[in-house]
Protein chains: 2
Amino acid sequence: MSLDSSIPSHLRCPRTRTRRVSDTWKPAVPAYSALGPQSIKQLVMAYFGVQIKSDETKGQACAAFRTILQSFNVDDGPARHDLVQFVDGQGHLNLIAVAYWEEPEKYHKWNDKPAVKSWWSSDDRLNDGVGYFREIFSPRMEQFETIFTAPGPLEGVSILLGGLTEPIIEHGYWGSMRDRLPLSQTDTMDPSGELALKQGTPAKGGRVIVAGHQNLTLIRSGEDWSRTDGEERRTWFEDIQPVLLDGMNYLRDDGLEVGCYCNRYCYHMDKDGKVEEKGFGVSLWRSLSNLESWAESHPTHLQIFVTFNRLAKKFKELVLYHEVSVFDASAQYFEYINCHPKTGVMRAFAA
Amino acid sequence: MSLDSSIPSHLRCPRTRTRRVSDTWKPAVPAYSALGPQSIKQLVMAYFGVQIKSDETKGQACAAFRTILQSFNVDDGPARHDLVQFVDGQGHLNLIAVAYWEEPEKYHKWNDKPAVKSWWSSDDRLNDGVGYFREIFSPRMEQFETIFTAPGPLEGVSILLGGLTEPIIEHGYWGSMRDRLPLSQTDTMDPSGELALKQGTPAKGGRVIVAGHQNLTLIRSGEDWSRTDGEERRTWFEDIQPVLLDGMNYLRDDGLEVGCYCNRYCYHMDKDGKVEEKGFGVSLWRSLSNLESWAESHPTHLQIFVTFNRLAKKFKELVLYHEVSVFDASAQYFEYINCHPKTGVMRAFAA
């Protein structure tokens with residue numbers, strides 16, 4: 001098996017920091033990273049959500065969600081999007097359109113269009129009984145990595161990149177996530193600054209805008225169990241999914257104690273809102289280091305890790321992947337409108 | 001809490017390899033490393049064993065063991081030793097005197113004394129119905145690290161070093177063991193070469209001498225539960241010790257598949273052979289990397305790790321420590337006399 005670095009050749013640079021493992025490291029099983037054209041320098045990941053706080057507002061919320069989706073169908077709209085839903089820690093259903101752009105310029109052009117800009121800034125959003133949020137991130141390619149357990153299909157933002165590497169070196173050891181980030185060649189990506197309220201008060205509802213901080217970290221880590229059957233399918237539902245959801249619920253409810261600002265386990269849905277057999281956890285962290293520590297030492301994640309590893313040889317059709325990004329403070333935007341105060345990163349201020 | 005590097009100041013050098021964590025890393029709980037005088041350049045760790053293969057030879061074996069102990073009481077004998085026993089995978093009781101010297105020169109002078117040299121080389125050893133082994137290692141201080149969960153008491157070879165560091169930086173993350181080794185500043189410590197039979201045939205018994213290889217790795221990882229009582233004692237016996245022994249038995253029986261040549265879970269004993277409430281696992285590995293991979297990804301060790309971590313706050317009196325060494329090929333000596341063919345590193349040839 002010929003191995004390649006997960007770091008694209010055009011992003012390799014003289015190192016001031018070494019990989020954790022030696023150059024002779026051979027992962028026990030192959031894994032792959034998404035690989036895109038050099039022309040892509042910086043991505044945009046945008047989570048547009050509606051929060052349904054009561055049955056009475058559900059129709060209104062769904063209509064608003066459709067309006068958001070329609071706004072994608074204009075010039076400079078996202079290159080692709082996923083539709084997902086999740087129930088949050090307060091029991092509210094949330095719908096999210098996760099939209100991706102190949103460059104910030106295009107996103108900004110789109111976001112400045114009156115149909116987008118004035119819809120989000122309108123006072124109608126404050127008065128129609130629906131909760132809204134948008135969380136927009138823009139990682140430079142040096143701040144971005146992915147892993148796939150199979151050579152396709154691609155998922156999430158990686159679909160924009162379009163390709164995959166050879167089997168990668170940086171895999172099968174704790175620290176390999178960091179080593180896949182091109183920036184790790186020269187930077188420890190320590191966090192600095194703090195989340196800060198720029199506008200509004202979470203407990204009062206209304207419009208709240210939060211400023212991020214340097215090296216805030218996002219992971220989207222997903223599974224597709226739609227093609228499993230027989231013993232593999234039984235193993236997914238009986239052995240894997242329960243421990244995965246235990247870990248996801250821990251982060252959702254108590255993650256702040258380990259540096260996790262928020263976590264949502266989302267299920268994909270089709271255009272008619274029908275839930276599919278595909279999901280991902282998406283969480284925001286104070287730092288890559290906090291994410292690493294939870295993953296490699298907290299019982300809730302080690303239980304997931306050991307269960308996956310123990311059963312890995314049973315899986316032929318289950319697809320696993322993740323994408324991890326570390327952001328500049330200026331490359332984050334958090335806005336919440338009439339959402340409950342534990343929504344998204346607002347939770348950090350409730351503590 | 002002021003933190004210091006586990007690497008003694010006189011062994012720090014310009015790095016070509018970085019620590020896994022950034023300089024701002026703060027372990028969640030303190031840990032310490034043994035610290036000795038600069039005059040100590042290279043240690044000697046010697047495991048002198050007798051193997052009792054039947055009740056009939058027990059008296060003979062114990063007499064031989066006493067002879068070994070008496071040989072320590074001469075000029076240039078070991079600075080200290082531990083007496084331990086363990087039952088191996090074939091069900092045989094083994095007694096070991098683990099002896100430590102502060103410098104190889106002294107060990108060699110001692111080893112060349114007729115009372116030592118001729119006793120071990122005598123044909124009587126081949127004919128007295130007892131199994132014997134000696135496994136001698138000599139790590140340079142750059143190839144040696146320790147960790148203690150409490151600021152004393154010292155254990156094992158660390159007693160020779162006599163002191164402890166301040167709370168250390170390199171702790172609380174996978175890879176910290178490697179980062180505590182001074183050589184990790186400039187070297188990945190990859191293994192090279194293979195174990196090789198220099199004399200004899202394991203299956204035939206008699207005298208077998210095995211040559212080691214570059215960067216073979218030893219860990220002695222110990223626990224003292226003698227001062228525990230009440231809930232802490234109950235937790236040790238009911239929750240911790242069983243999973244610890246499961247992991248130790250896995251390595252003893254099936255460790256070759258993860259690069260572990262041999263593992264012995266040893267119990268300390270007093271001069272009269274009375275077993276004490278103190279023990280350690282001592283294992284030999286193809287490489288530091290193999291040891292790391294088992295520790296951080298194998299279910300048998302993660303179970304130990306999670307159980308310890310989950311219950312750590314219950315422990316006031318339980319003392320934990322380990323010492324890890326990586327050896328030059330020339331700094332290893334393995335000799336077995338009439339031991340069964342799965343004894344020590346001979347097991348590697350049975351596979």
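A residue is called buried when its relative accessible area is under 20%, exposed when that area is over 50%, and partly exposed in between (1.4 Å probe, protein chains only). By this rule A:Ser22, at 10% relative accessibility, counts as buried. The structure is a predicted model, in which local features need pLDDT of at least 70 and side-chain atom pairs count only at pLDDT 80 or more, while totals for chains, interfaces and linings use all residues. Residues are numbered from 1 along each chain as its sequence is written, chains are lettered from A and ligands numbered from 1 in the order in which they are written, and side-chain values use heavy atoms, with hydrogens and water left out.

A:Ser22 is found in the segment before strand S1 (34-35) of chain A. Helices (H or I, at least four residues) and strands (E, at least two) are DSSP runs, numbered from the N terminus. The side chain of A:Ser22 makes a polar contact of 2.8 Å with the side chain of A:Thr24. A polar contact is a pair of N or O atoms within 3.5 Å; within protein, one must be able to donate a hydrogen and the other to accept it, and residues adjacent in sequence count only if both atoms are side-chain atoms. Leaving aside residues up to four places away in sequence, A:Ser22 touches B:Thr188 and B:Asp190. Contact here means heavy atoms within 4.5 Å.

A:Gln185 lies in the loop between helix H6 (176-180) and S8 of chain A. A polar atom of its side chain lies 2.9 Å from the backbone oxygen of A:Pro182. A:Gln185 and A:Arg12 are 173 residues apart along the chain, yet their C-alpha atoms are separated by 7.8 Å. With residues up to four places away in sequence not counted, the contacts of A:Gln185 include A:Ile7, A:Leu11, A:Arg12 and A:Cys13.

Chain A holds an open sheet of 12 strands. The order is S6-S13-S10-S12-S11-S3-S4-S2-S5-S14-S9-S8, and the pairing is antiparallel. Two strands pair if DSSP finds at least two bridges between them. Strands S6 (144-148) and S8 (196-201) of chain A stand at the edges with a single partner strand each, so one side of each is left without a neighbour in the sheet. Neighbouring strands are turned by 20 degrees against each other on average, direction ignored. Within this sheet, S10 (residues 216-224) and S13 (residues 319-327) of chain A run antiparallel and are joined by nine bridges. A:Ile219 has A:Val324 in S13(A) as its bridge partner.

Helices lie across the strands of chain A. Axes are lines fitted to C-alpha atoms, for helices over the stretch in contact, and angles run from 0 to 180 degrees between N-to-C directions. Helix H3 (residues 114-121) of chain A lies across S2, S5, S9 and S14 of chain A, at about 130 degrees to S5(A).

In chain B, 12 strands form an open sheet with antiparallel pairing. Its edge strands are S6 (144-148) and S8 (196-201) of chain B, and each pairs on one side only. The twist averages 20 degrees from one strand to the next. Helix H7 (residues 230-254) of chain B packs on the sheet and touches S3, S10, S11 and S12 of chain B.

Strand S4 (residues 93-101) of chain B is mostly covered, with nine of its nine residues buried. Both faces are covered: the buried residues include B:Leu93 and B:Trp101 on one side and B:Asn94 and B:Tyr100 on the other. S2(B) pairs with S4(B) in the antiparallel sense over nine bridges, and B:Val50 stands opposite B:Leu95 in S4(B). S3(B) and S4(B) pair in the antiparallel sense over eight bridges. These two strands form a hairpin with five residues between them, and B:Gly91 in the turn has a positive phi of about 85 degrees.

Helices H8 (residues 288-297) and H9 (residues 299-311) of chain B pack at an angle of about 60 degrees, with their axes 5 Å apart. H8(B) and H9(B) are therefore oblique to each other. Angles under 35 degrees count as roughly parallel, over 145 as roughly antiparallel, 65 to 115 as roughly perpendicular and the rest as oblique.
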